[in-house]
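Visitor: I am new to this structure and would like a close look at one part of it. Could you take me through the nonpolar core and what surrounds it?

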Amino acid sequence: MASVSRTIGLAALVAAAPGAAARAQSVPQGSYQADVLGRVELSAEHERLVAYASDGGPCRFKPQSRVLEGQLKGGVLVGQLTLCLQGASCPAVDTLPILALYSLEDRSLTAYVRPRAGCLAPVLGAAGLLVLNPAQAVSEQAPVRNGTSAVARLRTEKRNAGAAKAALERGNRLLGAKEWSGSAAEFEQSITHDDRNWVAFFGLGTAWLMRGQTADAIDALTRARALNPRESSIHYNLACAYSRLGDKKQALANLGQAVKLGFAITEGSQDQELDRLLGSDAASLTTYMGLIQQAVANNKASAGRRQQTGP
């Protein structure tokens with residue numbers, strides 16, 4: 001693990017990484033699709049479920065607009081939904097209360113939405129049935145804007161080390177507080193002032209991953225890896241990201257490289273999605289379990305060295 005002096009706030013980043021946060025509870029996260037909303041990205045923020053518009057859908061919401069939020073309790077989401085409406089005396093956009101049922105079996109959210117009297121939501125229909133299903137195709141996991149990835153749009157026109165560092169520190173604080181959207185914005189700002197800092201790309205990739213923007217997260221983490229190929233946490237987060245896409249080969253390869261570089265975890269703290277993908281696959285199970293055991297051993301060895309050398 002790199003020293004704190006070289007990696008501003010790395011401890012906060014690792015603490016908020018998928019292995020620490022995503023396993024807290026089973027909640028719908030990632031890319032989802034509904035006729036009335038189009039594609040959205042679901043993520044957990046401060047124990048609340050939040051959905052951000054991706055392609056706008058029939059309502060043509062701006063990208064990153066918050067369209068759904070609420071609290072998931074016992075398989076029931078209690079919250080509010082933002083929709084566009086049609087009707088002579090109806091508002092163009094309205095926020096409606098919603099009760100949605102979450103299915104652990106297919107990870108879908110189902111609700112009946114009732115706009116105000118005399119109003120209709122496009123595509124929703126008179127019955128008001130709304131079903132949010134996980135996006136199935138890997139190619140649809142993250143939005144591509146005008147053929148350009150989200151990372152490719154970030155360019156440094158004029159370097160400003162002070163502004164880059166300040167934005168990076170703000171991003172680290174927000175990431176540690178699980179403010180995924182705010183932290184992502186700060187890391188993007190940092191990169192626009194200096195695109196040579198791997199920590200900014202690592203933080204951005206982590207924030208995007210926690211928001212369910214898997215393909216964008218892989219792009220950002222790949223940039224971080226190119227800038228610092230020896231940092232084990234980058235490889236581990238890439239393994240977690242590829243697990244969200246169901247890519248066993250890449251997930252296992254990146255996990256192996258992370259452990260080889262000394263990645264360490266406490267026993268039983270492996271990422272939930274990574275564990276589900278590789279731990280249930282007969283062809284990968286033996287190698288996966290060996291790598292997890294080595295990561296635990298790395299942690300114990302690191303603890304022993306700290307005990308010997310003192311604080």
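**A look at the core**

Guide: Happy to! The largest nonpolar core has 47 residues, and those with the most contacts inside it are Leu-204, Trp-208, Tyr-236, Leu-255, Leu-274, Leu-278 and Tyr-288. At least two residues of this core come from each of these helices: H3 (161-176), H4 (180-193), H5 (198-211), H6 (214-227), H7 (232-244), H8 (248-260), H9 (272-279) and H10 (282-309). The helix that gives the most is H5, with 10 residues. Please keep in mind that this is a predicted model.

As a general background, nonpolar side chains tend to be buried together in soluble globular proteins.

Leaving aside residues up to four places away in sequence, Leu-278 touches Lys-248, Ala-251, Leu-252, Leu-255, Ser-284, Leu-285 and Tyr-288. There is also a second, separate core of 30 residues, which includes Ala-51, Leu-77, Leu-83 and Cys-119.

Now back to H5, which will lead us to the strands. H5 lies across strand E2 (38-45) and strand E3 (48-53), and runs at about 105° to E2. Both E2 and E3 belong to a barrel that eight strands close, in the order E1-E2-E3-E4-E5-E6-E7-E8, with antiparallel pairing. On average, neighbouring strands of this sheet are turned by 30° against each other, direction ignored.

Leu-68 has Leu-81 in E5 as its bridge partner.

Key: Residues are numbered from 1 along each chain as its sequence is written. This is a predicted model: local features need pLDDT of at least 70, side-chain atom pairs count only at pLDDT 80 or more; totals for chains, interfaces and linings use all residues. Side-chain values use heavy atoms; hydrogens and water are left out. A nonpolar core is a set of buried Ala, Val, Leu, Ile, Met, Phe, Trp, Tyr and Cys residues joined through side-chain atoms within 4.5 Å. Buried means under 20% relative accessible area, exposed over 50%, partly exposed in between (1.4 Å probe, protein chains only). Helices (H or I, at least four residues) and strands (E, at least two) are DSSP runs, numbered from the N terminus. Contact means heavy atoms within 4.5 Å. Two strands pair if DSSP finds at least two bridges between them. Axes are lines fitted to C-alpha atoms, for helices over the stretch in contact, and angles run from 0 to 180 degrees between N-to-C directions.
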